[in-house]
6 protein chains.
Amino acid sequence: MQLSTRNQLAGTVAEVVHGTVMTKVKVTLAGGETITAAITREAAEELDLVPGSAVTALVKATEVMLAVD
Amino acid sequence: MQLSTRNQLAGTVAEVVHGTVMTKVKVTLAGGETITAAITREAAEELDLVPGSAVTALVKATEVMLAVD
Amino acid sequence: MQLSTRNQLAGTVAEVVHGTVMTKVKVTLAGGETITAAITREAAEELDLVPGSAVTALVKATEVMLAVD
Amino acid sequence: MQLSTRNQLAGTVAEVVHGTVMTKVKVTLAGGETITAAITREAAEELDLVPGSAVTALVKATEVMLAVD
Amino acid sequence: MQLSTRNQLAGTVAEVVHGTVMTKVKVTLAGGETITAAITREAAEELDLVPGSAVTALVKATEVMLAVD
Amino acid sequence: MQLSTRNQLAGTVAEVVHGTVMTKVKVTLAGGETITAAITREAAEELDLVPGSAVTALVKATEVMLAVD
C-alpha cells in the first residue's frame, strides 16, 4: 500500500497510556526525537501497540506548522 | 511562548514551492528525515522561509497516525 | 501495512485537478457517495492518480464531525 | 446552513462509547460502510447521540488522504 | 442542522484569494479579531463567498492548540 | 518564536476537564466568544492550565471551515 501521506517516520513505541476512548502513544524515532500520537483506543488495541513495537508515525502535510525563532 | 503542541522537531528548510494560496516547504530534520509542510503562502512569506532557514516543525498529537507492518 | 486510521473507504478516482502545490481529487465510493480530497500535488503525482485509479480514502477518527437535523 | 465542508455522508449511529472528555461514535453509512468519529463528550451529549440517531458525518477535504495498492 | 463542531464564530468576509485548488478567506469576527481559512476553491465558489458575506467560522475542538507566555 | 499558524486568539481559561488521555479546556476570548480545545492531558499539565490562566488559542488555517445561512 502506498500513501499520499507525505510524512512517514520510523520509530519504536516507548509508552502507551489508555483512556476509555483515546490512547496516547509515545514513539522514539531513529533520529532520537520523540513523537506523541493521540489515537483511538480501538486502533491502539487493534494494532497491538506495546512498548517495543516497531511503528511508523504518519502525518499529512497539511497538518504540519512551522515556527522560526 | 510555550505550546500545547506535543511534537516540535528542529530542522532546516530544504525547499520552498509557492502556489497562489498554499506553499510547500520541505524541512530536513537533525535526525536526517525529511518533513513536508503545506502552509499558507501568506505564512511562508511572513516567516521569510527560504532554503537554509532554521525552523521547527510542529504537529498536534491528535494529527499523528501510526502504522505497523 | 496496518493503519491506526479508522476510516478507510474504497473507491475510484473520478476527477483530478492540479494546482501548483495542492491537488483536488474526487473519489466515487462503492456505495455511490463522492469524497473530495485535497492533497499535495507531489503526492498525487507520486501515486499516479488519474480518473479510473482504484484508491482508498483515509480519514482519522478525530477529523470526523457529526451533524443532526 | 450551507457548509464549505466537502464531505457529508448520511448514516445512522450504531455505537456510542463515552470517555470523560472524548466520545467515540460509530456510524453506518447508507452504502454500508462504517465511519468512526472521535468527538468531545460535550458535543455527543448536546446532539443527544444514541444508537439509531440519524446523523451526517462531516470531513474537511484537507483531512482526506488517499492510498493505492 | 446542529453540529458537533464546538467552535462557531460569526463574522464577515474581508478578503478572498483564489488559487487553482485552494482559496484563502479572511473573516473579521464580531469581536474584532481576524480569522484566516484555507478551503477548497470549489467550496468558496459554491458558497459564493465575497467580501461582505456573513459567515460562521467553524473549528473542531481537537484542532485547537493553546499557548502560554 | 514566530508561528506559521494564522489564527492566534488571546483569551482566558474558563474551565478545565481532565480525562486520562485528553483534556477539555474552555477559553473566553477578549471579544466574548468561547473557544473549546481538546488537547492531551500531558500538555494541559505541562502548561499548568487552570481557570484564570492567560492563553492564546491557535488554529491552522487549513482547519477552519466556513458556513453561510
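Student: Which residue stands opposite A:Thr56 in strand 6 of chain B?

Tutor: Keep in mind that this is a predicted model. Strand 5 of chain A runs antiparallel to strand 6 (residues 65-68) of chain B, and 3 bridges join them. In that pairing, the residue across from A:Thr56 is B:Ala67.

Student: Over how many bridges do strand 3 and strand 4 of chain A pair?

Tutor: Strand 3 covers residues 22-29 of chain A. For a landmark, look at A:Thr28, which stands opposite A:Thr34 in strand 4 of chain A. The two strands pair in the antiparallel sense, over 7 bridges.

Student: Let's back up to a single chain. What pattern does chain A follow along the sequence?

Tutor: The secondary structure of chain A comes to 1 helix and 6 strands. Its C-alpha atoms fill a box of roughly 35 × 25 × 25 Å along the principal axes. Read along the sequence, the pattern is β-β-β-β-α-β-β.

Student: How much area do chain A and chain B bury between them?

Tutor: The contact takes 33 residues from chain A and 33 residues from chain B. Of the area buried, 67% is on carbon and sulfur atoms. The elements giving two or more residues to chain A's side are strand 2 (7-18), strand 3, strand 4, strand 5 (54-59) and strand 6 (65-68). The buried area is about 2900 Å².

Student: How many of the residues on chain A's side are nonpolar?

Tutor: Start with the contacts: across this interface the rule finds 0 salt bridges, while 8 residue pairs are in polar contact. On the side of chain A that touches chain B, 7 residues are polar and 4 are charged. The nonpolar count is 22.

Student: What kind of axis relates chain A and chain B?

Tutor: A rotation of 180° with 0.0 Å of shift along its axis superposes chain A on chain B, with an RMSD of 0.0 Å. The two copies are thus related as by a two-fold rotation axis.

Student: Which residue of chain A comes closest to that axis?

Tutor: Go by the C-alpha positions, where the closest one lies at 2.0 Å from the rotation axis. As for the contact, the same surface serves both copies, with 100% of chain A's contact residues recurring in chain B. The residue closest to the axis is A:Gly31.

Student: Now the contact between chain F and chain B. How many salt bridges does the rule find there?

Tutor: In this contact, 18 residues of chain F meet 18 residues of chain B, and about 1600 Å² is buried, 60% of it on carbon and sulfur atoms. One salt bridge joins F:Glu42 to B:Arg6, with the closest N and O atoms 2.9 Å apart. Chain F's side draws two or more residues from each of strand 1 (2-3), strand 4 (34-40) and helix 1 (41-46). Across the whole interface, the salt bridge count is 4.

Student: And which C-alpha in chain F is nearest the axis that relates chain F to chain B?

Tutor: Chain F superposes on chain B by a rotation of 180° with 0.0 Å of shift along the axis. The copies meet through the same surface, because 100% of the interface residues of chain F are also interface residues in chain B. The nearest C-alpha lies 3.5 Å from the axis and belongs to F:Met1.

Definitions and conventions:
Residues are numbered from 1 along each chain as its sequence is written. Chains are lettered from A and ligands numbered from 1 in the order in which they are written. This is a predicted model: local features need pLDDT of at least 70, side-chain atom pairs count only at pLDDT 80 or more; totals for chains, interfaces and linings use all residues. Side-chain values use heavy atoms; hydrogens and water are left out. Two strands pair if DSSP finds at least two bridges between them. Helices (H or I, at least four residues) and strands (E, at least two) are DSSP runs, numbered from the N terminus. Contact means heavy atoms within 4.5 Å. Buried area is the accessible area (1.4 Å probe) that two parts lose on being put together, summed over both. A salt bridge is a side-chain nitrogen of Lys or Arg within 4 Å of a carboxyl oxygen of Asp or Glu. A polar contact is a pair of N or O atoms within 3.5 Å; within protein, one must be able to donate a hydrogen and the other to accept it, and residues adjacent in sequence count only if both atoms are side-chain atoms. Ala, Val, Leu, Ile, Met, Phe, Trp, Tyr, Cys and Pro count as nonpolar, Asp, Glu, Lys and Arg as charged, and the others, Gly among them, as polar. Copies are superposed by least squares on the C-alpha atoms of residues with pLDDT of at least 70 in both.
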